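I opened the notebook to look a few things up in one protein chain. Here is what I was looking at.

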Amino acid sequence: MPFETANAGAEDADLIELVASRLCHDLISPIGAIGNGVELLTMTSEAPGPEVELISQSVAAANARVKFFRLAFGRAGPDQQLSEAEITGLLGEVSAQSRVDYDWRAPGETPRAEVKLALLAMLCLETALPFGGDIRAMPCGDGWMITARAEKARPDRAAFAALDGERLDLTPARVQFALLPREAARQGRRLDWSVDSEGGTIAF
């Protein structure tokens, strides 16, 4: 007789979000503890060596990226709102440790579900900027427009075609191309996209 649990009917998407939220939640504390340890080393040492600075930068990058992933891949409650300061602060931390500069142009509070879509779109466009560039998110009418610009972009058109439902051989680095259209459909949003040698745009 097959084993069943009370949550056997839960959708795969819900389970993916819960797993992502759990992983990010459990990683934040140890990363923060390492950061506190590095800060103590800096305070107790007259001349911290370059290895301490390297650890400090790595901790800051990991902390910012985990927070970003938690919003992009984790569960977004229907009534949750995020302030402009929270989002710009996080994207500023991510930008400081990346060749890509992330810009948020939405004043006031934004539903977390919409932030989730915007960050997934940013992750898709990020793959087109291997040499760095700028990614901007801004409201556009009743929807959103996420744009990426660079002097030299290399978009993977096969990956972006997955946003229209085309089959894609998934890898960990491409998982956002599968999750974005799924989340957009769940929120009743239609995706439009375009890419070229200077970047690309995703609207929803």
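My entries follow, from the whole chain down to single residues.

**Ground rules.** This is a predicted model, where local features need pLDDT of at least 70 and side-chain atom pairs count only at pLDDT 80 or more, while totals for chains, interfaces and linings use all residues. Residues are numbered from 1 along each chain as its sequence is written, and side-chain values use heavy atoms, with hydrogens and water left out.

**Whole chain.** I found six helices and seven strands in the protein chain. Helices (H or I, at least four residues) and strands (E, at least two) are DSSP runs, numbered from the N terminus. Reading from the N terminus, I wrote the order down as α-α-β-α-β-β-α-β-β-α-α-β-β. Of the 204 residues, 38% count as buried; buried means under 20% relative accessible area, exposed over 50%, and partly exposed in between (1.4 Å probe, protein chains only). I also looked at contacts (heavy atoms within 4.5 Å). Among those between residues at least 6 apart in sequence, 69% join residues at least 24 apart.

**Two helices.** Next I checked H2 (residues 50-73) against H4, and their axes come within 7 Å and cross at roughly 115°. Axes here are lines fitted to C-alpha atoms, for helices over the stretch in contact, and angles run from 0 to 180 degrees between N-to-C directions. Residues making the contact include Phe68, Phe69 and Leu71 of H2, plus Val115, Leu119 and Leu123 of H4.

**Glu114.** Is Glu114 buried or exposed? Glu114 counts as buried, because its relative accessibility is 19%. I found it in helix H4 (residues 112-126). Leaving out residues up to four places away in sequence, Glu114 touches Trp144, Gln187, Arg189 and Phe204.

**Val100.** Val100 sits in strand S2 (residues 100-104). At 5% relative accessibility, Val100 counts as buried too.

**Cysteines.** How many disulfides are there? A disulfide is a covalent bond between the sulfur atoms of two cysteines. The rule I used asks for a pair of cysteine sulfur atoms within 2.5 Å, and by this rule I counted zero. I looked at burial here as well: Cys124 counts as buried at 0% relative accessibility, whereas Cys140 is partly exposed at 41%.
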